[in-house]
Amino acid sequence: MAQTLVLQSDFGTADGAVSAMYGVALGVSPSLRICDLTHEIPQYDIWEASYRLIQTLSYWPQGTVFVSVVDPGVGTKRRSIAAQTSNGRYIVTPDNGTLTHIKRMVGLDAVRIIDESVNRLAGSSESYTFYGRDVYVYTGARLAAGVIDFEGVGPEADAEHVVELPVIEASFDGESVHGTIDVLDVRFGSLWTNIPRKEFERLGVGYGQRVEVTIENGTRMLYKNFLAFARSFADVYVGEPLVYANSLDCMAVAINQGSFAAAYGIGTGVNWKISLRKAPRLVYE
Amino acid sequence: MAQTLVLQSDFGTADGAVSAMYGVALGVSPSLRICDLTHEIPQYDIWEASYRLIQTLSYWPQGTVFVSVVDPGVGTKRRSIAAQTSNGRYIVTPDNGTLTHIKRMVGLDAVRIIDESVNRLAGSSESYTFYGRDVYVYTGARLAAGVIDFEGVGPEADAEHVVELPVIEASFDGESVHGTIDVLDVRFGSLWTNIPRKEFERLGVGYGQRVEVTIENGTRMLYKNFLAFARSFADVYVGEPLVYANSLDCMAVAINQGSFAAAYGIGTGVNWKISLRKAPRLVYE
Amino acid sequence: MAQTLVLQSDFGTADGAVSAMYGVALGVSPSLRICDLTHEIPQYDIWEASYRLIQTLSYWPQGTVFVSVVDPGVGTKRRSIAAQTSNGRYIVTPDNGTLTHIKRMVGLDAVRIIDESVNRLAGSSESYTFYGRDVYVYTGARLAAGVIDFEGVGPEADAEHVVELPVIEASFDGESVHGTIDVLDVRFGSLWTNIPRKEFERLGVGYGQRVEVTIENGTRMLYKNFLAFARSFADVYVGEPLVYANSLDCMAVAINQGSFAAAYGIGTGVNWKISLRKAPRLVYE
């Protein structure tokens with residue numbers, strides 16, 4: 001049975017690039033189902049591409065084929081691969097770190113290098129810049145439609161060697177958990193950290209209790225305050241900040257009906273450090 | 001036969017939230033057709049969510065299942081419901097005013113409260129913030145795919161009690177029709193009012209004749225001028241303002257190939273009042 | 001067999017206009033496949049609509065039906081047509097220049113004028129502003145679904161007379177190729193010119209060699225520098241500008257991982273002139 005093809009890129013949808021990818025995929029199989037993850041990955045931001053995959057992959061049925069094209073190294077020797085994840089999905093992508101989170105948190109069962117002598121749109125040989133359309137989507141569509149099986153992608157490669165971006169693990173020092181701000185919940189300006197709920201639970205903070213949140217970037221401290229740990233936004237006032245567990249079961253910081261990122265000028269990446277500790281008991285008299 | 005599932009939210013498409021909803025729906029039924037209304041509702045803007053539903057619902061085939069997730073009260077006691085409209089469509093939504101226009105202008109035949117002991121994605125119990133994906137889309141997909149019928153949503157509720165936002169009706173005082181600016185035609189900056197064409201016709205203004213348009217917000221008057229009542233934009237010069245009947249058969253104000261909203265700083269909501277009256281006959285000598 | 005329907009407009013996706021078009025198309029045939037080219041054409045920009053069609057059309061399977069609605073003349077006497085292209089696709093559009101590039105570069109085999117007494121959504125007669133939904137998409141959906149064949153669109157018209165926007169051809173003066181900047185690769189800020197690779201090859205510039213690029217607008221020169229002619233972005237440093245052949249096999253100018261258009265304030269249209277010539281040999285000692 002044909003599987004769904006899910007596309008991600010940093011192409012945006014304002015010009016014809018994504019539409020051409022759809023056309024190529026339907027040329028492979030007119031009955032293929034094609035959906036989008038997003039095409040609004042910030043240009044060349046491999047980290048965010050990797051994050052959006054871990055955020056969504058497991059919600060799609062087993063067998064789904066993802067194609068992710070965020071490819072600042074197009075034209076270099078970076079490899080073009082397809083990976084089979086340990087939970088039974090497929091990802092076709094340049095081997096440039098796009099699989100960082102999936103490899104660490106889900107696992108890769110097998111990896112194949114795309115054989116472009118077979119898996120490349122006919123007549124496309126002069127175009128050096130459109131790997132996304134002519135190789136990645138074409139190969140993904142063939143895999144999803146069953147024109148080729150996973151072995152048909154090309155020669156096997158060692159999953160261990162798939163490129164990973166540097167990741168800093170959350171840590172607990174006996175009093176605080178320390179982590180980084182991985183990504184924003186774009187539309188709502190919430191901060192998504194790399195601190196798993198399990199790690200946070202070592203602080204012994206219950207719902208409704210207070211957490212001391214500290215955010216630093218290099219030598220600058222940008223935020224330090226006591227926030228409620230809430231089940232959901234509705235547990236705090238409109239305009240009040242909160243700490244909560246997000247849909248990935250990691251800790252997040254937000255303002256109810258406001259944008260935390262905009263309010264305090266917070267960004268993302270390994271230089272954005274966040275620490276959480278149980279707030280001291282305060283008695284006002 | 002499976003029905004189409006149509007999704008609306010204020011999530012945007014830049015991160016994985018909408019994609020995860022698609023994945024969950026396909027997990028319910030791999031052959032389901034899923035389309036979008038829009039995911040660019042301004043954050044937490046229930047009024048606009050309600051308006052986009054009335055603007056589009058009747059263009060979709062009978063039986064279509066809409067899921068609308070603009071949910072500032074997520075985590076509160078607000079109810080989660082599915083409604084059957086009097087013209088045979090379904091809407092799954094938090095009961096927070098999202099059905100305001102549909103209830104008033106189309107009518108609700110029946111309402112069911114979602115039984116989350118049945119209609120909730122398995123294994124999602126720890127996530128308090130993702131009702132959109134785990135409850136609303138999951139329930140909508142089951143309804144569209146025929147996994148459950150409308151009764152299978154949960155216990156019946158009284159359609160009369162479905163939450164409505166305050167609405168001000170257009171009125172005619174013998175000389176002018178008075179209304180409010182409900183919403184913008186976003187890309188073109190046109191003002192869409194709540195004044196039905198039928199009400200406007202009481203002014204006796206024919207195509208090509210002039211209308212006096214007054215726009216006020218509280219104590220401020222922001223616009224007063226004589227505009228042509230036109231069949232379409234092409235009846236006036238490029239850059240000329242006009243009054244016309246929009247696709248909802250309500251009166252609208254625009255600038256041909258310009259943005260009326262941007263030109264005069266006009267917004268939307270019940271505080272934005274607009275009055276139309278037949279322009280006095282002017283004789284230039 | 002039903003063909004795919006591909007929609008393009010300047011409507012954006014923030015309000016319900018595109019969604020209503022989808023609903024109307026599904027009302028024609030519940031099993032129709034509907035995809036988007038883009039809905040982010042700048043408002044009223046017929047030139048860009050024409051360009052996005054030539055950019056994508058041939059990547060879609062034969063028989064695909066495109067509907068393009070960028071229609072500043074809605075309500076005027078401009079004709080509504082469907083065209084059959086020489087490579088076997090169909091385009092339903094106002095006859096306002098939207099077919100400029102397709103007519104010149106692909107060719108039109110036949111043109112029909114839409115007979116609105118047949119091909120118009122029932123009950124839509126009062127709406128003068130929504131041709132996109134009630135006529136173009138309705139007709140396109142009927143054609144894609146096989147409800148009508150091409151003759152069923154309406155009476156035949158002369159393909160020669162289809163409206164074209166003025167186009168300036170690239171030219172070679174023995175030393176330089178001269179052209180215009182047609183369009184931007186929106187997300188990446190690259191300049192796409194009307195200079196075919198074949199024309200450029202007359203300069204005798206090989207990969208890695210330098211090209212003198214001059215950009216002028218009227219009497220202003222905005223850019224003059226020596227750039228590498230590169231196979232792809234990866235052949236130059238990050239931040240370095242380059243000349244390359246784009247996916248349409250025309251010459252383009254970009255900055256690797258930057259935006260050339262933003263860097264130098266470059267726009268598009270027939271007033272934006274670009275010249276390329278082989279750089280003189282430089283010897284640094």
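Which residue in S5(B) is the bridge partner of B:Val67? Hold that thought for a moment, everyone. Good morning, and one reminder before we start: what you see on the screen is a predicted model.

So, the partner of B:Val67 in S5(B) is B:Val92. That pair belongs to the parallel pairing of strand S3, residues 65-69, with strand S5, residues 90-94, both in chain B, and three bridges hold the pairing.

The contact takes 38 residues from chain B and 31 residues from chain A. Between them, chain B and chain A bury about 2,700 Å², with 55% of it on carbon and sulfur atoms. How many salt bridges are counted between chain B and chain A? The count is zero. Polar contacts are there, though: 15 residue pairs across the interface of chain B and chain A, both residues at pLDDT 80 or more. As for which elements take part, helix H1 (17-28) and H4 of chain B each supply at least two residues of the side that touches chain A. H1(B) gives the most to that side, with eight residues. If you sort the side of chain B that touches chain A by class, you get 17 nonpolar, 14 polar and seven charged residues.

Chain C and chain A bury about 2,700 Å² between them, 55% of it on carbon and sulfur atoms. Which residues of chain C lose the most area to chain A? They are C:Tyr59, C:Arg187 and C:Phe188, and together they make up 26% of what that side buries. The salt bridge count between chain C and chain A is zero, while 15 residue pairs are in polar contact, both at pLDDT 80 or more.

Where do salt bridges turn up, then? Over all chains, the structure holds 40 of them. Side chains of opposite charge can pair when their charged atoms come close. One example to click on is in chain A, where the side chains of A:Arg104 and A:Glu169 meet at 2.4 Å, N to O. This pair links distant parts of the chain, 65 residues apart. A:Arg104 is in helix H3 (residues 100-105) of chain A, and A:Glu169 is in the loop between strand S7 (156-157) and strand S8 (171-172) of chain A.

Back to chain C for the last stop. Strand S11 (residues 210-217) and strand S12 (residues 220-229) of chain C pair in the antiparallel sense over eight bridges. Within that pairing, C:Arg210 has C:Ala228 of S12(C) as its bridge partner. The hairpin of S11(C) and S12(C) has two residues between the strands, and C:Gly218 there takes a positive phi near 60°. S12(C) is also joined to S13(C), by two bridges, and these strands run parallel. There, C:Ala228 stands opposite C:Leu242 in S13(C).

A final word on backbone angles. Most residues other than glycine have a negative phi. C:Tyr44 is not a glycine, yet has a positive phi of about 65°; you'll find C:Tyr44 in the loop between S2 and H2 of chain C. C:Gln257, also not a glycine, has a positive phi of about 65° too, and C:Gln257 lies in the loop between strand S14 (250-255) and helix H6 (260-264) of chain C.

Notes
Residues are numbered from 1 along each chain as its sequence is written. Chains are lettered from A and ligands numbered from 1 in the order in which they are written. This is a predicted model: local features need pLDDT of at least 70, side-chain atom pairs count only at pLDDT 80 or more; totals for chains, interfaces and linings use all residues. Side-chain values use heavy atoms; hydrogens and water are left out. Two strands pair if DSSP finds at least two bridges between them. Helices (H or I, at least four residues) and strands (E, at least two) are DSSP runs, numbered from the N terminus. Contact means heavy atoms within 4.5 Å. Buried area is the accessible area (1.4 Å probe) that two parts lose on being put together, summed over both. A salt bridge is a side-chain nitrogen of Lys or Arg within 4 Å of a carboxyl oxygen of Asp or Glu. A polar contact is a pair of N or O atoms within 3.5 Å; within protein, one must be able to donate a hydrogen and the other to accept it, and residues adjacent in sequence count only if both atoms are side-chain atoms. Ala, Val, Leu, Ile, Met, Phe, Trp, Tyr, Cys and Pro count as nonpolar, Asp, Glu, Lys and Arg as charged, and the others, Gly among them, as polar.
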